[in-house]
Amino acid sequence: MSLVVTSIGELVTNDPHLGIVHDAAVVVEGDRIAWIGPSSQAPDADSRLDADGAAVLPGFVDSHAHLVFAGDRAAEFGARMAGQPYTGGGIRTTVAATRAASDEDLRRNARRLVSEALRQGTTTIEIKSGYGLSVAEEARSLRLAAEIVEETTFLGAHVVPAEYAGRADEYVDLVRGEMLDAAVPYAKWVDVFCDRGAFDGDQARSILKAGAERGLGLRLHANQLGHGPGVQLAVELGAASADHCTHLDDADVAALAGSDTVATLLPGAEFSTRSPYPDARRLLDAGATVALATDCNPGSSYTSSMPFCIALAVREMRMTPAEAVFAATAGGAAALRRDDLGVVRVGARADLVILDAPSHVHLAYRPGVPLIRTILHNGVPQ
């Protein structure tokens, strides 16, 4: 079946950067884009969708989310807003709740969040494990994630679980050995939280190298809570992305700018922890590729809204609306090493968002307003 979307007032193609086309049309055949051109020249199709002058852009690509979990940490958020600093220690609370939950409870919650994100324009989302922290629980988390999404990441090295307190190196051996072996059938990526209170550079390197040897792509939580070796390690190992990038020195910025490692920024985390925002302007001016993602998780960024993150990036991280939209679409695709997402071109996946607005600028201009009118996901209107 084919579908033509006509009367597009502003089409964001990201081909090249933003690549805006006015008075455009897009033809979809199956789950792929088959034609792009002037609305007046649009060919016939089996069905027709009139954008009525609205802006259309690629579906958002959220390349960093933690959706397989149970429990609630609203009390922790409330305490933080009252002045308690964020340390990352609350992860263990979620680990306990996740271990106690049934498969169906975890599956239902993850599907709820994926559906919630889709309603806000996110057509691709990555899901990490990291709230099981045992061989069986990490494999279970990834198995459930793989039922729902294409992009799954093994994050057994999220924090050291309570039963391994004081024995971090033993836990690292477990992660890079038996746990990794159990995770590989369900994972596409391996990730490590390389920061204070989690894993140091040497531990992270050993886990990432073990994952690479088993064919997994590399990602890294880096430089969130303070300056550390994470960004440099990500670039050294050729990781697809270094995520957070809140505390960077000049050498870190230069390393990212001189590599194909994407700097994935997660402003929802800074919003929810009252932490300093990363300086996206510094990265962009240096020539680094920047992505935006939600970091959706129950402790430090419980949002599934990419439009909210776009608005934060523009207001707090010195990005222009065009840069933020590009980072939330093509940037996220680059962080997942995908060239069929985050772009409107012939052959790309037919993931489109029709806004209830005439321009992509409205995503930052009208923060908090539900501007998503219609979504095409795999060519199917939602």
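Two strands count as paired if DSSP finds at least two bridges between them, and strands themselves are DSSP runs of E at least two residues long, numbered from the N terminus, while helices are runs of H or I of at least four. Before you start, note that this is a predicted model, where local features need pLDDT of at least 70, side-chain atom pairs count only at pLDDT 80 or more, and totals for chains, interfaces and linings use all residues. Residues are numbered from 1 along each chain as its sequence is written, and side-chain values use heavy atoms, leaving out hydrogens and water.

**First stop: the strands.** Select residues 2–11, strand β1, and residues 21–29, strand β2: they pair in the antiparallel sense over seven bridges. Here Ile-8 stands opposite Ala-24 in β2. Glu-29 has Arg-32 of β3 as its bridge partner. Zoom in on the hairpin of β2 and β3, with two residues between the strands; Gly-30 in the turn has a positive phi of about 65°.

**Next stop: two cysteines.** Select Cys-296 and Cys-309. The whole structure has zero disulfides. Cys-296 is buried, with a relative accessible area of 1%, and Cys-309 is buried at 0% (buried means under 20% relative accessible area, exposed over 50%, partly exposed in between, with a 1.4 Å probe and protein chains only).

Notes: A disulfide is a pair of cysteine sulfur atoms within 2.5 Å.
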